[in-house]
Amino acid sequence: MVVKAFALVQKQLPDTVLVMTGDGPMTQDVKRLVKKMGLENSVTITGYLDRPDLYAYYEAAELFVFPSTSETQGLVVLEAQAFETPVIGVAKMGVEMLLKGNVGGLLAKDRDPEEIATLCLKLLKDKKLYAK
């Protein structure tokens, strides 16, 4: 989901990079997709990070994109917000409650790469909205 949305963002903002943190059962599939889409030079997959390192990424990020529809508490959304990093999330479960009214980020209605890319571009291009 995130890689596909990123490819759409990069078409309009070619200098954009994607850093994916963490590890899981789909890591190899994601790496294959990145290679298949020719995005190896723009996408970094860090693997598991200790908290201090993860926090450095939150702080350095311009956006935190989190398309999960099963996150019940939204802890990673709160972590990103603690570093004043705007969040793009999906209007489901805990994420919907945390970003209600688009406070701290923007909500997509669905897990749709085009909608997520549109929201990313909206924040990245509109400095006033981004600051809000």
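# Loops, cores and rings

Visitor: Where is glutamate 84 found?
Guide: Glutamate 84 lies in the loop between helix H4 (75-82) and S4. Helices (H or I, at least four residues) and strands (E, at least two) are DSSP runs, numbered from the N terminus.

Visitor: What should I know about the model and the numbering?
Guide: This is a predicted model, where local features need pLDDT of at least 70 and side-chain atom pairs count only at pLDDT 80 or more, while totals for chains, interfaces and linings use all residues. Residues are numbered from 1 along each chain as its sequence is written, and side-chain values use heavy atoms, with hydrogens and water left out.

Visitor: Back to glutamate 84. What is its phi near?
Guide: Near 60 degrees, a positive value in a residue other than glycine.

Visitor: Is glutamate 84 buried or exposed?
Guide: Glutamate 84 is exposed, because its relative accessible area is 72%. The cut-offs: buried is under 20% relative accessible area, exposed is over 50%, and partly exposed is in between (1.4 Å probe, protein chains only).

Visitor: Zoom out. How many helices and strands are in the protein chain?
Guide: Seven helices and five strands. Along the sequence the pattern is α-β-α-β-α-β-α-β-α-β-α-α.

Visitor: What does a compact globule with 132 residues predict for the radius of gyration?
Guide: Near 14 Å, and the protein chain has 14 Å, which agrees. The radius is taken over C-alpha atoms, and the globule rule is 2.2 Å times the number of residues to the power 0.38. The C-alpha trace spans about 35 × 35 × 25 Å along its principal axes.

Visitor: How much of the chain counts as buried?
Guide: 38% of the 132 residues. The accessible surface comes to about 8,300 Å², and 53% of that belongs to carbon and sulfur atoms. Those areas come from the Shrake-Rupley method with a 1.4 Å probe; for residues, only the protein chains shown count as cover.

Visitor: What share of contacts joins residues at least 24 apart?
Guide: 50%, among contacts between residues at least 6 apart in sequence. Contact means heavy atoms within 4.5 Å.

Visitor: Now the largest nonpolar core. Which residues touch the most other members?
Guide: Val9, Ile88, Ile116 and Cys120, out of 14 residues. A nonpolar core is a set of buried Ala, Val, Leu, Ile, Met, Phe, Trp, Tyr and Cys residues joined through side-chain atoms within 4.5 Å.

Visitor: Which elements each supply at least two residues of this core?
Guide: Helix H1 (2-12), strand S4 (87-90), strand S5 (105-108) and helix H6 (113-125). H6 gives the most, with seven residues.

Visitor: Where is the other core, and what's in it?
Guide: The other core lies apart from that one and has 12 residues, including Leu49, Leu54, Val77 and Leu99.

Visitor: What does isoleucine 116 touch?
Guide: Skipping residues up to four places away in sequence, isoleucine 116 touches Met1, Ala5, Val65, Pro67, Ile88, Val90, Ala108, Asp110 and Arg111.

Visitor: Which residues are buried in H1?
Guide: Val2, Val3, Ala5, Phe6, Ala7, Val9 and Gln10. Their cover includes strand S1 (18-21), helix H2 (27-36), strand S2 (43-47), S3 and H6.

Visitor: And proline 67, where is that found?
Guide: In the loop between S3 and H4. Proline 67 counts as buried because its relative accessibility is 10%. Outside four places in sequence, proline 67 is in contact with Met1, Val2, Val90, Arg111 and Ile116.

Visitor: Switching to rings. How many aromatic pairs are there?
Guide: Five. Rings of Phe, Tyr and Trp (its six-membered ring) pair if their centres lie within 6.5 Å; planes under 30 degrees apart count as stacked, over 60 as edge-to-face and the rest as tilted.

Visitor: What's the geometry between phenylalanine 64 and phenylalanine 66?
Guide: Stacked, at 5.9 Å centre to centre with 15 degrees between the planes. Phenylalanine 64 is buried at 17% relative accessible area, and phenylalanine 66 is buried at 16%.

Visitor: Which residues do ring pairs link into a cluster?
Guide: Tyr55, Tyr58, Phe64, Phe66 and Phe83.

Visitor: Which strand holds phenylalanine 66?
Guide: Strand S3 (residues 64-66). Leaving out neighbours within four places in sequence, phenylalanine 66 is in contact with Glu71, Val76, Val77, Ile88, Gly89, Val90 and Val95.

Visitor: Last one. Where does the charged end of lysine 127 sit?
Guide: Over the ring of tyrosine 130, 6.0 Å from its centre. The test is NZ of Lys or CZ of Arg within 6 Å of the ring centre and within 35 degrees of the ring normal.
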